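Open the structure in your viewer and keep the selection tool at hand. The stops below are taken one at a time.

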Amino acid sequence: MENNKKTGFSLKKALSSRRFRYGSLSVVFTAVFVALIIGLNLVISAFDVTHIFSIDLTDEEFYSISSESVEYLESLGSDFQVTVHFCCAQDKLETLTTSGYNYIRMVHETVLAFAEKFPDNISVEYFDVTTDPKYVDKIKHYTQTTLNANNIIVEGKYHTRVLNYDSFYMIAESTGELYAYNGEARMVSAITQCSIKEAYSVVFTTGHGESFPTQLAAIFDDAGFEVVTADLMTLTDEELERTLENARIMVICDPQYDLVGYDANDPNTKDETDIINDFLNDNKSLMVFVDAGTPELPNLQEYLGDMWGVGYDAHGKLTDPTHSVMNGSNGYQLICQYAGEDGGAADLLHDTLTADAKTVFGNAVRLTSSSSALGAVVEVSCKTYPTATPATGGAAGEYPLIEISTGRTYGENNALLYKYVMLCGSTDFVSNDSLTSAYGNREIIEAAARMMATERVSPDIDYKTFTDTALTLESGTAETLSIIIIVVAPAIVLVLGIGVFIKRRHM
């Protein structure tokens, strides 16, 4: 028994022994400790991907209402009277799940937070869509929408909006997964649209093979605009007047066919450039998005160049191996520099961005500028780094990526009135993958919307991500970092290891 005690394992002796400090036992303990850390990390990561378990469900996090939202909603005055209807009995809300998670509960908590903040302006009601057909028919009469249990109805003084629960979330285009909660912005937008008698709208043109980026439309919707689409050539004069009456911004995104121009053989045919010009003459604005795949469009190019002094070099694709990043399904995209004089229209598009914020342009085309027949001032808001080169030839240099042309007129009492044309040399700029919190694209669009419609536009409200955004590195920086990780760091470890080995051999 005494011998067993002498030869038995003693943790205290092992920890203080020379073998533990310098020998293989220390390696074992280190390996076990690292394994425990990795295991803990995996467990935490497993909970993290479910979103609902990783988020902070406190008033300071997802359900807080910013001071900007409070100040803005209070400015609506007596028009701010809203009832929010849930199409489900209150006791059943907790049972409605999507993919096993109750995202509906988060929306419910957000609505209750708004009702608590504005008890005299917002009321909340519940009804069962399956057992109350009279109410369903009433709402359908106003909204022309078929209701289901996943709908929320915001009924205001002037308008009624029907929302889906998923509209309160941000969905990644590449994976289809929810990655952020946009509850505050969605509620402010819905309240605004229901509380303004004649809400502003944004018109996306159709009829020329254009695209309709859903996240771009959502940004305008969050800002309080009604989003509509219109083929300017097929509308009657009355329909056209009605469509454009309250519109503040027209968007031409990724056109594949030219605008219809003047036809000398048929003077009764509408001239689309005249329609657009009349729209802008009413102190309204235009956004145009083209890229390296946009063909020659003579009528559109002539109008933009002659009247507004902006244009694009068709097929003049810009590349920059040094200043680019990989952006989901869009591949490598250029990183821009910000430009524009302080306080000017070009500067206002990005003045709220931090200095190191990255704004990306995929399949970008070189933009051009010329004199404007209207006397508009043309400025560059975003440009490439000096390492960019055009496919059509030319030296490496800084090339425009976003141009904005500003026209001025005088209104009553000699008040200055502005109208803008913004030309962007990348349609990927407004893709869903580019309009995430990882890049500055979204904030530039939001700033442009505020600048082009200065009255009753919802404040810029950030959505709240479920997980941290991954680090985005420019290709040149990534190459340097790869060399450090692959070559330099192992070399340093090897030298230190040899040094420790030699030292121990002589102890």
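Is Asp-271 buried or exposed? Select Asp-271: this residue is buried, with a relative accessible area of 11% (buried is under 20%, exposed over 50%, partly exposed in between, with a 1.4 Å probe and protein chains only). Asp-271 sits in the loop between strand E9 (247-253) and helix H11 (272-281).

This is a predicted model, in which local features need pLDDT of at least 70, side-chain atom pairs count only at pLDDT 80 or more, and totals for chains, interfaces and linings use all residues. Residues are numbered from 1 along each chain as its sequence is written, and side-chain values use heavy atoms, without hydrogens and water.

Asp-271 and Leu-232 are 39 residues apart in sequence, and their C-alpha atoms are 9.6 Å apart in space.

Now go to the largest pocket by selecting Arg-161, Arg-186, Ala-217, Asp-221 and Val-227, which lie nearest its centre among 30 lining residues. A pocket is an open set of points on a 1 Å grid over the protein atoms alone, with protein on both sides within 12 Å along at least five of seven lines; lining residues have an atom within 4 Å of a point. The largest pocket holds about 810 Å³ of space, a volume being the space filled by probe spheres set on the points, which are joined across faces, edges and corners. Colour H9 to see the largest share of this pocket's lining, 6 residues. Helices are DSSP runs of H or I with at least four residues, and strands are runs of E with at least two, numbered from the N terminus.

Methods: 1 Å grid on protein atoms, 1.4 Å probe; cavity = no way out; pocket = protein on both sides within 12 Å on 5 of 7 lines; lining within 4 Å.
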